[in-house]
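Student: I would like a close look at a single part of this model, with the cut-offs spelled out as we go. Could you walk me through it?

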Amino acid sequence: MSKIIRTQKPSVLPFYAMALVFLGLCTVLPVYKLWALLAALGGALIAFGAAQKVCPPRVVEHEVPFHTGVEDVDAMLTDIQQKLDTLHTLNEQLPDPQLSAAMTRMEKAGRSIVEAVEANPEKAKQVRRFANYYLPDAVNVLQQYAKLAKQGVRGENAAAIRTEVEHNAASIATAFENQLDALYAAESMDLSADITVLQSMLKGQGLS
């Protein structure tokens with residue numbers, strides 16, 4: 001998940017030292033002559049090099065949620081994680097056990113999707129629709145459901161909305177799980193092929 005990224009920021013002191021030495025030499029040398037100007041520039045560069053040795057680059061640490069090496073994938077995973085956190089919070093607020101169970105399944109599948117894409121960023125293209133449509137829509141629907149439940153809204157329309165959400169929550173959870181399963185389709189085929197080859201080898205050696 002979150003990672004500490006270390007970057008180096010060069011110190012500004014060598015630049016100040018170079019400028020000060022150059023200005024100082026300019027005040028004592030006839031810089032309108034080429035040799036004096038070159039001497040002032042050379043002294044400034046020497047000061048810059050010496051100051052760099054005394055003032056090395058500063059290491060800056062900052063924490064990022066994801067660091068796959070692909071900027072748009074990191075942004076997508078961060079957005080998915082934020083929505084899953086929202087889903088988790090909503091789940092804690094809703095008392096209905098069946099709906100809560102479905103939301104737990106959604107969150108579990110979503111977290112596993114994030115882990116799979118973080119480990120293999122090339123899988124990101126397979127979950128774009130999930131990240132941009134399925135998950136946001138599901139969270140939005142559940143937020144509206146939670147809002148109605150919190151406000152204690154009654155009546156046919158509110159009841160119909162609650163019934164529809166509760167009825168479809170399990171289907172949404174299954175869709176999330178199917179999305180996760182699809183990420184491992186290639187690995188499953190490779191494993192199946194490897195098992196077939198192994199069985200053939202064992203059979204050929206009379207070991208099975």
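Leaving aside its neighbours within four places in sequence, which residues is aspartate 74 in contact with?

Tutor: Happy to. A word on conventions comes before the residue itself. This is a predicted model, in which local features need pLDDT of at least 70 and side-chain atom pairs count only at pLDDT 80 or more, while totals for chains, interfaces and linings use all residues. Residues are numbered from 1 along each chain as its sequence is written, and side-chain values use heavy atoms, with hydrogens and water left out.

Now to your residue. Beyond the neighbours within four places in sequence, aspartate 74 is in contact with Phe66, His67, Thr68 and Gly69, where contact means heavy atoms within 4.5 Å. Aspartate 74 has its place in helix α3; helices are DSSP runs of H or I with at least four residues, strands are E runs of at least two, and both are numbered from the N terminus. With 12% relative accessibility, aspartate 74 counts as buried. The classes are buried for under 20% relative accessible area, exposed for over 50%, and partly exposed in between, using a 1.4 Å probe and protein chains only.

Helix α3, residues 71-93, also holds aspartate 72. Aspartate 72 is partly exposed at 43% relative accessibility, and it forms a salt bridge with arginine 128, with 2.9 Å between the closest N and O atoms. A salt bridge here is a side-chain nitrogen of Lys or Arg within 4 Å of a carboxyl oxygen of Asp or Glu. Arginine 128 sits in helix α5, 56 residues away from aspartate 72, so this pair links distant parts of the chain. Arginine 128 is partly exposed too, at 28% relative accessibility.

Arginine 105 meets glutamate 177 at 2.8 Å, N to O. Because arginine 105 lies in α4 and glutamate 177 in helix α6 (residues 156-183), the pair ties together parts 72 residues apart in sequence. Arginine 105 has a relative accessible area of 30% and is partly exposed; glutamate 177, at 29%, is partly exposed as well. Another salt bridge joins the side chains of glutamate 107 and arginine 111 at 3.0 Å, N to O. Both of these residues lie in α4, four residues apart, which is about one turn of the helix. Glutamate 107 is buried, with a relative accessible area of 13%. Through shared partners, Asp85, Glu107 and Arg111 form one network of salt bridges.

Helix α4 (residues 97-119) also packs against α5 (residues 128-151), at an angle of about 155° and with the axes 13 Å apart. The axes are lines fitted to C-alpha atoms over the stretch in contact, and angles run from 0 to 180 degrees between N-to-C directions. The two helices are therefore roughly antiparallel, the word for angles over 145 degrees. The contact is made by Leu99, Met103, Met106, Gly110 and Ile113 of α4 together with Phe130, Leu142 and Tyr145 of α5.

Stepping back, the protein chain has seven helices and two strands, running β-α-α-β-α-α-α-α-α from the N terminus on. Buried residues make up 28% of its 208 residues.

Definitions and conventions
Angles under 35 degrees count as roughly parallel, over 145 as roughly antiparallel, 65 to 115 as roughly perpendicular and the rest as oblique.
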